[in-house]
Amino acid sequence: MSQLHELCYLKERPITKDEYLPKLKALLKKGIPSTYTLEDAEAEQKGEQETVQTSTTTPLHIICESIPSDATLEEESAILAMIDELFMNGAGWCLTNKNNETPGCVLERRGLYGTSYWERIVDAGVRAEIVFRKLEQNNIEFLGEKVVKNGAVTEKVADDDINEIPELVQSETIQDMEKEQVRQKEDARKKTQELEDPSKDLNTYLNTKLTYKEGALVTNSRKDGVMMDWEEKLMKAGCDSLFKSIEDPDDVNVLNIGFGMGIIDSMIAEKKPTKHYICEAHPDVLNKMKEDGWMDRENVVVLKGKWQDTLPPLLGQGVFFDGIYYDTYSEHYQDMLELFDLVVGMLKMTGTFSFFNGLGADRLVCYDVYKKVVELDLADYGLRVKYTDIKPPKEALQHKNEQGSVWKDIRRAYWTCPTYYHPEITFAT
Ligand SMILES: C[S@@+](CC[C@H](N)C(=O)[O-])C[C@H]1O[C@@H](n2cnc3c(N)ncnc32)[C@H](O)[C@@H]1O
């Protein structure tokens, strides 16, 4: 085990800033990466050729695992300072260890959800998501000093320092290029896999056959859950939000993006809006809508095709909505950001926008990070989000092998969080 890891076990009590922080800073200054893993250290000690680790126990994991349950306020403050120091040096908030846990997951398992440690990790996640997005958008190239490693931007070790630091950093430097090549190959393999996965790529999804079975809409061959009826309570909250701030009760205009099982659309229809727009792109879903008579309803306008193609013409026609709901499949957060551009143009000043909030919902720490990221992004548009906590049905939180679990016969549980944050978005006044 390296000195860095040893320190992060927080064995010496009391844990004070004076005792721990200078040691941590010194090790990081020497060039030991804040993402240096236990696995790397073990391999190093055995003199093994370094391999690309698919699971990693970082110093942050070790700290989260070692926080004493009886930490005093002073100790808490020292531990937070160590966490901050690691983040400042490029520690990753979402790297996973061999149990597929991020540091946040370790805190959650240890009953430390919602503590100041948890908040630190969530805030770091929010910063990282926003910074990485900006870097990607602007295509910024770093010359010389910085390298991207294990998903974190770290300082490249200066040549002068190399002589002073342990062998691990030297060998890392020598093997950097080889490791980068292996990583690139792995990235390419993952990309290909994603393109074949209908839940990750819209065009693949739109060419995938779907089946309506009892309580769910699934992809035919892989059994990915596109929509499931356990979400009914969440759809009810969504539908209620759309009718919360009607400008003129004689002219109520509502838009739903993504028909799926028609759960929210049936609820909207019950409220008898003047005009009910439904946007849907999948041919099998459109067929089902036709069979069920949605195309023949007088007040319903079905926009056939991707919202990316069917909504922009509405902007030019001066169509405005009291309520807009968004719940699609296989789209990414980037798509939602593009939708915000349209929402601000189509939502009445008094209107409400809501969406199925499944962003990062297969991991609590990611769910909390995206709760804040959305808030920040919407603020850029002059929109404010209010979240209401809803408890999902317990069957949605059961493992697929448990009796009564909604995930039985579904390829992957896309929901694991104990609380649903229902978003209600309005113009900030
Ligand atoms: C999760 S389901 C919606 C479920 C719906 N909220 C309900 O209550 O049943 C997602 C739907 O969005 C549709 N969809 C996915 N991407 C789309 C896009 N870009 N434009 C329009 N519809 C899309 C899918 O075909 C699917 O029917």
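**Contacts and packing**

Tutor: In this predicted model, residues 24 or more positions apart account for 69% of the protein chain's contacts with a separation of 6 or more. Two residues are in contact if their C-beta atoms, placed from the backbone, lie within 7 Å. Local features need pLDDT of at least 70, side-chain atom pairs count only at pLDDT 80 or more, and totals for chains, interfaces and linings use all residues. Residues are numbered from 1 along each chain as its sequence is written.

Student: How many helices and strands does the protein chain have?

Tutor: The count is 17 helices and 12 strands. These are DSSP runs, numbered from the N terminus: helices are H or I with at least four residues, strands are E with at least two.

Student: OK, at what angle do α2 and α5 pack?

Tutor: Helix α2 (residues 17-29) and helix α5 (residues 73-88) pack at about 10°, and their axes are 9 Å apart. Axes are lines fitted to C-alpha atoms, for helices over the stretch in contact, and angles run from 0 to 180 degrees between N-to-C directions. α2 and α5 are therefore roughly parallel; angles under 35 degrees count as that, over 145 as roughly antiparallel, 65 to 115 as roughly perpendicular and the rest as oblique.

Student: Which residues of α2 and α5 make the contact?

Tutor: From α2 there are Lys17, Tyr20, Leu21, Leu24, Lys25 and Leu28, and from α5 Ala78, Ala81, Met82 and Glu85.

Student: And how are α11 and α12 set against each other?

Tutor: α11 and α12 are oblique. Helix α11 (residues 232-242) packs on helix α12 (residues 263-270) at about 40°, with axes 9 Å apart.

Student: Who meets whom in α11 and α12?

Tutor: In α11, Glu232, Met235, Lys236, Gly238, Cys239 and Leu242 meet Ile263, Ile264, Met267 and Ile268 in α12.

Student: New topic: which residues in α16 are buried?

Tutor: Leu339, Val343 and Met346 are buried in α16. A residue is buried if 20 or more other C-beta atoms lie within 10 Å of its own, exposed if 12 or fewer, and partly exposed in between, with C-beta atoms placed from the backbone. The cover over those buried residues includes α15 (312-316), β9 (321-326) and β10 (347-355).

Student: Where does Pro14 lie?

Tutor: Pro14 lies in the loop between α1 (3-8) and α2. A cis peptide bond joins Arg13 and Pro14, with omega about -10°. Most peptide bonds are trans.
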